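Please read the following report alongside the sequence and the coordinates.

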Amino acid sequence: MVRDVLIAYNDSDTESSRRFFQDCADKIRQKSFDIGLVHHMMDSAELTVESVERHIRECSEHFIFSAFSHGSKTSLYNDRQDDYISVARGNNYIFSGNIVYTFACECGYDLKEDLESKKVASFWGYKGKVAMVFCDEFVECATKGIELLLEKKTLKEAKTGMLDKYDECISRLRFRAPIKAAYLLDNKEKLVVTGRDDLTIDDL
């Protein structure tokens, strides 16, 4: 059963997408608080391997690790471009049996494969570059999947709900902001989710 939600986000003053990352993190923090789960906030100063490992050690049972930052095919990294989760470090076994939920570029490739090999219960990420625009629709889409997971929806229900949210927001933006709508469609098409369809956070 999930008791803890880890929320990693890049709010560095030098980060152009900091408001987007911050809003995603705040949304998940509020959701976690509302349903009575323990949340662990990791801002830009804590996006290090050591900090991630420390927060995981502090978890009482199973957890969801969420990340809103930049990424690559093999890693998630901070504002100094230092990896805080990566294939190369060889320590991704710390996520075994838990859920990893990311909004970051490209980590749906090698990082996903490595986490799957370490037996994560579910991975959420993107295959390719994603657009990070500071507006409500982008935040809503980026966080909808984890919100539904926290509501104890099944993995299949959460993924379907997230895709539906993308469709809703694309429709909302289609005429008043067509370029943003196109970016959202691109993000939607790059989403990748792994894990058992009937999995819920109570099953961990």
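Strand β5 (residues 75-77) is joined to β6 by 3 bridges, and the two strands run antiparallel; helices (H or I, at least four residues) and strands (E, at least two) are DSSP runs, numbered from the N terminus. Within this pair, Ser75 stands opposite Ser86 in β6. Both strands belong to an open sheet of 3 strands in the order β4-β5-β6, with antiparallel pairing, where two strands pair if DSSP finds at least two bridges between them. The edge strands of this sheet are β4 (70-71) and β6 (83-86), each of which pairs on one side only. In general, the strands of a sheet pair through backbone hydrogen bonds, either parallel or antiparallel.

The model is a predicted one, in which local features need pLDDT of at least 70 and side-chain atom pairs count only at pLDDT 80 or more, while totals for chains, interfaces and linings use all residues. Residues are numbered from 1 along each chain as its sequence is written, and side-chain values use heavy atoms, with hydrogens and water left out.

A second open sheet has 6 strands in the order β2-β1-β3-β7-β8-β9, and its pairing is mixed. Its edge strands, each pairing on one side only, are β2 (38-42) and β9 (191-195), and the twist from one strand to the next averages 15 degrees. Angles run from 0 to 180 degrees between N-to-C directions, and axes are lines fitted to C-alpha atoms, for helices over the stretch in contact. Strand β3 (residues 62-68) runs parallel to β7, to which 5 bridges join it, and the bridge partner of Phe68 is Phe103 in β7.

Helix α3 lies across β7, β8 (122-126) and β9, running at about 5 degrees to β9. Helix α5 (residues 155-173) packs on the sheet and touches β7, β8 and β9, its direction making about 20 degrees with that of β8; contact here means heavy atoms within 4.5 Å.

Helix α1 (residues 18-34) packs against helix α4 (residues 136-150) at an angle of about 25 degrees, with the axes 10 Å apart. The two helices are therefore roughly parallel to each other, a term that covers angles under 35 degrees. The contact is made by residues of α1 including Phe20, Lys27 and Ser32, and by residues of α4 including Phe138, Ile146 and Leu150. Of the residues in this contact, 8 are nonpolar, 2 polar and 5 charged, where Ala, Val, Leu, Ile, Met, Phe, Trp, Tyr, Cys and Pro count as nonpolar, Asp, Glu, Lys and Arg as charged, and the others, Gly among them, as polar.

Ser32 is placed in helix α1. Leaving aside residues up to four places away in sequence, Ser32 touches Val5, Leu37, His39 and Leu150.

Gln81 and Glu106 each have a positive phi although neither is a glycine. Gln81 is found in the loop between β5 and β6, whereas Glu106 lies in the loop between β7 (99-103) and α3 (110-117). The table gives the accessibility of single residues, with buried meaning under 20% relative accessible area, exposed over 50% and partly exposed in between (1.4 Å probe, protein chains only).

| Residue | Relative accessible area | Class |
|---|---|---|
| Ser32 | 0% | buried |
| Gln81 | 62% | exposed |
| Glu106 | 18% | buried |

The phi value is about 65 degrees for Gln81 and about 70 degrees for Glu106.

Methods: Parallel < 35°, antiparallel > 145°, perpendicular 65-115°, else oblique.
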